[in-house]
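I opened a notebook for this structure and wrote down what I looked up.

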Amino acid sequence: MPRKNIYLDYAATTPVDPVVLRAMAPYWSDKFGNPSSLYSLGLMAKQAVENARTDLAQILNCQAEEIIFTSGGTESIALAIKGLTYNFLTEKNKPHLIISAIEHHAVLHTAEHLAKQGFTVSIVPVDDDGIIMEPLLNRAIRPNTMLVSIMTANNEIGTLQPIQKIGANLTRVNMARQKSGLNKIYFHTDACQAAGALPLDVQKMHVDLLTINGSKIYGPKGVGLLYARRGTPLAPLIDGGGQEKNLRSGTENVPGIIGLAAALKLAQKNREKENRRLIILRDWLIKSILKKIPKTILNGHAEKRLPNNINISILDIEGEALLLYLDEVGVQASTGSACTSTTLEPSHVIRALGRPYEAAHGSLRFTLGKYTTKKDLEYLMTKLPDIVDYLRKGSPVRVDMASLEKSIRLAPKKIINLPC
Amino acid sequence: MPTYKKNKKSILSSIDVLPTGQEDTWLYTDIVKEHFFHPKNLIMDANKIKNYDGVGMIGSPACGDMMKMWIWVNKKTDRIRKLKWQTFGCASAIGATSMLSVMATEKGGMKIDQALKIQAQDITNRLGGLPIRKIHCSVLGDKALRSAINNYFLRSDQKQRIVEESARLIDKVSGVSDHDIEEAVLEGATTLEAVQKKTKVGIGNPIVIPEVEQLIRFYKEKYFG
């Protein structure tokens, strides 16, 4: 029997769609010009980049000039957070930032870095389902707060945050602040995981800054964008030839940009239909695992989650071992266990849900994609229960579910301030 | 026309700055994989265990690795006759415990005094190496075995043979001793974060962190002035 190959890690990265690949094809060797060059080959490339920008602006419901192309999600986030805040750091003024406890490392580590540079950072907790605790978010706001960064959808547990509501509330807060002479609070959202599944209207979301990358939406790796509302004061992180309105120097990644636009257009076009299909698969898999495998808990909200995300803690065993046994039967998934992280700390996202360490070590994430079929998941379910059973039999650990649930309920939820 | 090989060599020799961290991969050796996918002496039903001579346990699910070990001793020859174990942990933890169980029982069984001397490094060597990040945190088998042997001494009225771990246990949860921290500092981990990367000390048990930080300072001064 040929070895199965079932990829269930679409949140890690996606294959480039053939349509996207075709759109990019001419820009490697034929229309290879530098968009800054004034002859026709350059102008051709420039035109292609500007068309891509216009197409993307239409999807985001913004002006084309509000889009800055970058090398990916991490760079867009760095430009949004550092590019904004560094402008305002002076001897006297130490601006304040607010982020959620389940942000991607690109946001979290950037904020931690800024906390070492003299900024103050508040990390707002999420509830047991992974939804940000809005009253605490409001309470975290200070007179010198200048940025709130909350992700649209989480990469590990897939929970969707009420971005529209938070954005609308911040708009009201800003109106009041303006009257009392306080600075505006800018609102950034990391929409990398959400881009293929949710509408991205920046007006409705009330965001000033929004990050998207190509590699999560069947586009190429190494390209992303930052939407920055007109009037948002950004400083560049990369200086040079002055490309991207002097906010991101360096010759444009022309094929990448074309690919990003093609990918987002395609994803948004098929979004609703694909979401309906994925939600059925997602809910089937969640139900099957919770029913067939004892001592399992779902991480993240049951409904307010990405259509393709399943994250479950399987108690008494460790995630890396599980992952490697799954790989042996041809299923590729992901875990929040410490054993796969470079720091040997288990997932901060699972921990933020109030789950104890042992639940984080045993967390398993399956993320579905456009090539996932019901058959794939049925195959997974013919293997997973036996693997879990085998590893459990060889494990000396027996976590008590009642005390686990109690410790989740009693987990403290408070704002963490950096530097502490 | 120079051959490809020659070209390759000349390019390589012209590189004077080699990327660092290349040696640290996630890849497991074939020996680790064999022991991970086909663990030796793993006991699937701990309820069936009886008449053992010693039992030991180390680690906790909170820190990511935990193991339990049972030994049977041939009292005439003072050799380990049989060893069974269970592990909660990643591939290297399972693979390393399996390898240790082979080392202790092969060739008619290891002498107890010899078994007490097994170090994490010996297990790692037999496995053909482990990803650097994993060595300190997941090779707990030697500690579990010493704990099982001490338990055997206790049960068999040989209290005088009990070996106190010369190192002092700092973090009961992760089983990390002052000696482990000393080793980590010697290997260049001079901050709490770096030591935690190597040993997992204090992860899941933050109460010990102040003491760990003190030890790091102490060893740093001792070795690096």
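The entries below cover a helix, some aromatic rings and an interface.

**Ground rules.** I am working with a predicted model, where local features need pLDDT of at least 70, side-chain atom pairs count only at pLDDT 80 or more, and totals for chains, interfaces and linings use all residues. Residues are numbered from 1 along each chain as its sequence is written, chains are lettered from A and ligands numbered from 1 in the order in which they are written, and side-chain values use heavy atoms, without hydrogens and water.

**Helix 3 of chain B.** I looked up the length of this helix, residues 91-105. Helices (H or I, at least four residues) and strands (E, at least two) are DSSP runs, numbered from the N terminus. The expected span is 1.5 Å times one less than the number of residues; for these 15 residues that gives 21 Å, and the end C-alpha atoms are 21 Å apart, which agrees. I then checked burial (buried is under 20% relative accessible area, exposed over 50%, partly exposed in between, with a 1.4 Å probe and protein chains only). Of the 15 residues, 13 are buried, so the helix is largely enclosed by the rest of the structure. Lys107(B) follows the helix and has a positive phi, near 50°.

**Aromatic pairs.** I found 9 aromatic pairs over all chains. Rings of Phe, Tyr and Trp (its six-membered ring) pair if their centres lie within 6.5 Å; planes under 30 degrees apart are stacked, over 60 edge-to-face, and the rest tilted. One of the pairs is Tyr86(A) with Phe119(A), tilted at 45° with 6.1 Å between centres. Both residues lie in loops, and the pair ties together parts 33 residues apart in sequence. Tyr86(A) is partly exposed at 34%, and Phe119(A) is buried at 1%.

I next looked at Tyr218(A) and Tyr371(A), whose centres are 6.5 Å apart with planes at 80°, so the pair is edge-to-face. These two are 153 residues apart. Tyr218(A) is buried at 13%; Tyr371(A) is partly exposed at 43%. Together with Tyr7(A) and Tyr10(A), they form one aromatic cluster.

**Charges over rings.** I used this rule: NZ of Lys or CZ of Arg within 6 Å of the ring centre and within 35 degrees of the ring normal. Lys4(A) lies over Tyr379(A), 4.6 Å from the ring centre, and Lys82(B) over Trp72(B), at 4.4 Å.

**Interface.** I noted 26 residues of chain A in contact (heavy atoms within 4.5 Å) with 31 of chain B.
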